[in-house]
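This report describes one protein chain for a reader who has not seen it before.

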Amino acid sequence: MAKLEWYFEYEIQVNRPGLLGDISSLLGMLSINIVTINGVDLSRRGMLLRCRHIDQIKRLESILKTMETIKVTKLREPRLRDRLAVRHGRYIQRDADDKKTFRFERDELGLLVDFMAELFKKEGHKLIGIRGMPRVGKTESIVASSVCASKRWLFVSSTLLKQTIRSQLIADEYSTENVFIIDGIVSTRRGSERHL
């Protein structure tokens with residue numbers, strides 16, 4: 001039977017020595033493996049778990065409800081944001097108005113690279129836009145993400161190279177294995193400019 005992955009996050013209500021050991025022992029007794037563990041906020045801890053049967057998680061959930069030292073905030077199949085929170089120790093921030101927009105600071109380029117790499121690994125075509133000040137690492141982040149996701153990347157236009165490289169793609173390049181980097185200002189045939 002295939003192993004199931006779960007994301008478990010809890011908020012510490014009573015911070016005492018041995019709390020993590022108690023939870024780890026409980027998981028061990030239920031034959032649930034901890035894949036990754038990290039703090040995801042000041043008083044929260046997140047874990048990626050792996051088990052063989054959903055009954056193991058149901059038993060865990062019923063036992064956790066009786067514990068007064070922690071409050072379970074999430075126990076679900078892991079989402080992309082959950083995996084990144086455990087890996088980097090914090091959640092990526094969504095825009096308040098548009099839930100499909102995520103915000104990153106200059107010092108969070110590693111998180112941005114991981115985020116885009118996970119998106120590139122998924123099947124199908126994606127359209128991802130990156131907006132920001134000049135020389136903050138937008139193009140480099142896309143290149144690093146595509147390398148991390150084992151995708152071939154092609155510059156179509158780039159301010160990094162100060163030129164438009166291509167005006168059209170060949171048939172083989174329409175594959176989902178390619179990441180196209182269109183950055184900066186692209187000149188059209190009429191000589192006008194448009195920002196991408």
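## Overall picture

Two residues are in contact when heavy atoms of theirs lie within 4.5 Å. Among contacts in the protein chain between residues at least 6 apart in sequence, 62% join residues at least 24 apart. The model is a predicted one.

The protein chain has five helices and 11 strands. Of its 196 residues, 35% count as buried. The chain exposes about 12900 Å², and carbon and sulfur atoms supply 50% of that area.

## The nonpolar cores

The largest nonpolar core has 18 residues, of which Phe8, Ile23, Ile32, Leu49 and Leu60 touch the most other members. At least two residues of this core come from each of β1, α1, β3, α2 and β4. Another core, of 13 residues, lies apart from it and includes Ile92, Leu111, Leu112 and Ala117.

Which residues does Leu60 touch, not counting residues up to four places away in sequence? They are Leu26, Leu27, Leu30, Ile32 and Leu49.

The buried residues of α1 are Leu19, Ile23, Leu26 and Leu27. Viewed down the axis of α1, they fall within an arc of 100 degrees, so they line one face of the helix. These buried residues of α1 pack against β1, β2, β3, α2 and β4. After α1 comes Ser31, which has a positive phi, near 60 degrees.

Helix α2 spans residues 54-64, and its buried residues are Gln56, Ile57, Leu60 and Leu64. Around the axis they cover an arc of only 95 degrees, which puts them on the same side of α2. The elements against which the buried residues of α2 pack are β1 (4-12), α1 (19-29), β3 (44-51) and β4 (70-76).

Leu111 is a member of the core of 13 residues and lies in helix α4, residues 109-121. Is Leu111 buried or exposed? Its relative accessible area is 4%, and the cut-off for buried is under 20%, so Leu111 is buried.

Not counting residues up to four places away in sequence, Leu111 touches Leu84, His88, Arg90, Ile92 and Phe104. Leu111 and Ser141 are 30 residues apart in sequence, and their C-alpha atoms are 9.8 Å apart in space.

## A nonpolar patch on the surface

Leu20, Ile34 and Ile37 form a nonpolar patch on the surface, and together they have about 200 Å² of accessible area. Of these residues, Ile37 lies in strand β2, residues 33-39. Ile37 counts as partly exposed because its relative accessibility is 36%.

## Salt bridges

Side chains of opposite charge can pair when their charged atoms come close. How many salt bridges does the structure hold? There are 11 salt bridges. One of the pairs is Glu5 with Arg83, where the closest N and O atoms are 2.9 Å apart. This pair links distant parts of the chain, with Glu5 in strand β1 and Arg83 in helix α3 (residues 80-88), 78 residues apart. Glu5 is partly exposed, at 22% relative accessible area, and Arg83 is partly exposed as well, at 26%.

Glu118 forms a salt bridge with Arg87, and the closest N and O atoms of this pair are 3.4 Å apart. Glu118 lies in helix α4 and Arg87 in helix α3, so the bridge ties together parts that are 31 residues apart in sequence. Glu118 counts as buried at 16% relative accessibility, whereas Arg87 counts as partly exposed at 42%.

A further salt bridge joins Glu108 and Arg90, with 3.1 Å between the closest N and O atoms. Glu108 is in the loop between β6 (102-103) and α4, while Arg90 is in the loop between α3 and β5 (93-94), 18 residues apart. Glu108 is buried, with a relative accessible area of 15%, and Arg90 is partly exposed, with 34%. Arg90 is also one of the residues that Leu111 touches. Elsewhere, salt bridges link Glu9, Glu11, Arg44 and Lys74 in a network.

Conventions: Residues are numbered from 1 along each chain as its sequence is written. This is a predicted model: local features need pLDDT of at least 70, side-chain atom pairs count only at pLDDT 80 or more; totals for chains, interfaces and linings use all residues. Side-chain values use heavy atoms; hydrogens and water are left out. Buried means under 20% relative accessible area, exposed over 50%, partly exposed in between (1.4 Å probe, protein chains only). Helices (H or I, at least four residues) and strands (E, at least two) are DSSP runs, numbered from the N terminus. The arc is that of the directions from the helix axis to the C-beta atoms. A nonpolar core is a set of buried Ala, Val, Leu, Ile, Met, Phe, Trp, Tyr and Cys residues joined through side-chain atoms within 4.5 Å. Accessible areas come from the Shrake-Rupley method with a 1.4 Å probe; for residues, only the protein chains shown count as cover. Patches are made of residues with over 30% relative accessible area and no salt bridge: like charges are joined within 9 Å, nonpolar side chains (Val, Leu, Ile, Met, Phe, Trp, Tyr) within 5 Å. A salt bridge is a side-chain nitrogen of Lys or Arg within 4 Å of a carboxyl oxygen of Asp or Glu.
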